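Student: I would like to learn how to read a structure like this one. Could you walk me through it, one feature at a time?

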Amino acid sequence: MNTLPSIETLKLQARRLRAELTGTGAPVNHGRALEMLAHQYGYRDWNTLHASVGNQPRPVNVGETVSGRYLGQPFTGTVIGVRLLGDSGHRRVTFDFDEPVDVVTFDSFSAYRKRVTCVLTEDGVTVERTSNGQPHMRLDV
């Protein structure tokens with residue numbers, strides 16, 4: 001499966017393209033850089049590329065800020081590592097949470113995690129489940 005980068009990553013690529021072209025004496029505006037980027041990915045225009053990204057499962061990318069639930073607790077954090085696992089579309093992803101997450105459900109003690117690695121499906125959900133059947137992690141879309 002050939003997945004496209006996130007919209008955020010594509011926009012960053014367009015900004016870099018624009019800066020590179022400006023540095024070589026061929027300045028373009030941001031809209032033109034987006035159109036050029038769409039052509040590089042084989043799309044007719046930016047709107048078509050944007051729609052295609054929105055209609056596919058969304059992988060996570062290094063440096064991206066994400067939010068979701070880990071072991072039932074809400075979190076926000078940064079993706080610090082991604083490795084594709086074969087052709088399954090699953091990815092081993094390492095997160096650095098903004099605030100440590102308490103992974104213990106007992107009132108008598110706590111155990112906090114700030115850095116977590118897990119395997120995510122293309123939908124941003126872990127295959128692994130807790131004892132109550134909930135995924136270990138679910139990313140917000």
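Tutor: Gladly! Let us begin with a term: two strands pair if DSSP finds at least two bridges between them. Please keep in mind that this is a predicted model.

Student: What is the bridge partner of Gly81 in E3?

Tutor: Gly81 has Thr94 as its bridge partner there. E2 and E3 run antiparallel and are joined by 7 bridges.

Student: What is the strand order of the open sheet?

Tutor: The order is E4-E3-E2-E1-E5, an open sheet of 5 strands with antiparallel pairing. At its edges are strand E4 (112–120) and strand E5 (137–139), each of which pairs on one side only. Ignoring direction, neighbouring strands of this sheet are turned by 40° against each other on average.

Student: Over how many bridges do E1 and E2 pair?

Tutor: Strand E1 (residues 65–70) pairs with strand E2 (residues 73–84) over 6 bridges, in the antiparallel sense. You can find some of the opposing residues yourself: Gly68 stands opposite Phe75 in E2, and Ser67 has Thr76 in E2 as its bridge partner.

Student: And over how many bridges do E3 and E4 pair?

Tutor: Those two strands pair over 8 bridges, again in the antiparallel sense. As an example, Val101 has Arg113 in E4 as its bridge partner.

Student: Where do side chains point along a strand, as a rule?

Tutor: In a regular strand they alternate between the two faces of the sheet.

Student: Let us turn to the connections. Which residue takes a positive phi in the hairpin of E1 and E2?

Tutor: That is Leu71, in a hairpin with 2 residues between the strands. Its phi is near 50°, a positive value in a residue other than glycine. Leu71 sits in the loop between E1 and E2. With a relative accessible area of 24%, Leu71 is partly exposed, because that class lies between the limits of 20% for buried and 50% for exposed.

Student: Which residue takes a positive phi in the hairpin of E2 and E3?

Tutor: There it is Gly86, with phi near 65°, and this hairpin has 6 residues between the strands.

Student: Now the aromatic rings. How is a pair of them described?

Tutor: By two values: the distance of the centres and the angle of the planes. This structure holds 4 aromatic pairs. In one of them, the ring centres of Phe75 and Phe95 are 6.1 Å apart and the planes are at 65°, so the pair is edge-to-face. Phe75 is in strand E2 and Phe95 in strand E3 (residues 91–102), so this pair links distant parts of the chain, 20 residues apart.

Student: Why is the pair of Phe75 and Phe97 called tilted?

Tutor: Their planes are at 35° and their centres 4.6 Å apart, so the pair is tilted; the cut-offs are under 30 degrees for stacked and over 60 for edge-to-face. Phe75 lies in strand E2 and Phe97 in strand E3, so the pair ties together parts 22 residues apart in sequence.

Student: Are these residues buried or exposed?

Tutor: Phe75 and Phe95 are both buried. The relative accessible area is 5% for Phe75, and Phe97 is buried too, at 0%. Ring pairs link Tyr70, Phe75, Phe95 and Phe97 into a cluster.

Student: How does one find empty space in a model?

Tutor: Rolling a probe the size of a water molecule over the atoms shows where empty space is left. Here the largest pocket has a volume of about 240 Å³. Its lining includes Arg69, Leu71, Gly72, Val103 and Thr105, and also Thr130, Asn132, Gln134, Pro135 and Arg138. By class, the lining residues divide into 3 nonpolar, 5 polar and 2 charged.

Student: One last stop: in which helix does His50 lie?

Tutor: His50 lies in helix H3 (residues 46–54). His50 is partly exposed, with a relative accessible area of 35%. From His50 to Asp87 there are 37 residues in sequence and 24 Å in space, C-alpha to C-alpha.

Conventions: Residues numbered from 1 in each chain as written. Predicted model: local features only at pLDDT ≥ 70, side-chain atom pairs only at ≥ 80, totals over all residues. Heavy atoms only, no water. 1 Å grid on protein atoms, 1.4 Å probe; cavity = no way out; pocket = protein on both sides within 12 Å on 5 of 7 lines; lining within 4 Å. Points joined across faces, edges and corners; volume = space filled by probe spheres on them. Nonpolar A, V, L, I, M, F, W, Y, C, P; charged D, E, K, R; others polar. Helix = DSSP H or I, 4+ residues; strand = E, 2+ residues; numbered from the N terminus. Axes fitted to C-alpha atoms, helices over the stretch in contact; angles between N-to-C directions. Phe/Tyr/Trp six-rings, centres within 6.5 Å; stacked < 30°, edge-to-face > 60°. Buried < 20%, exposed > 50% of the residue type's maximum accessible area, 1.4 Å probe, protein only.
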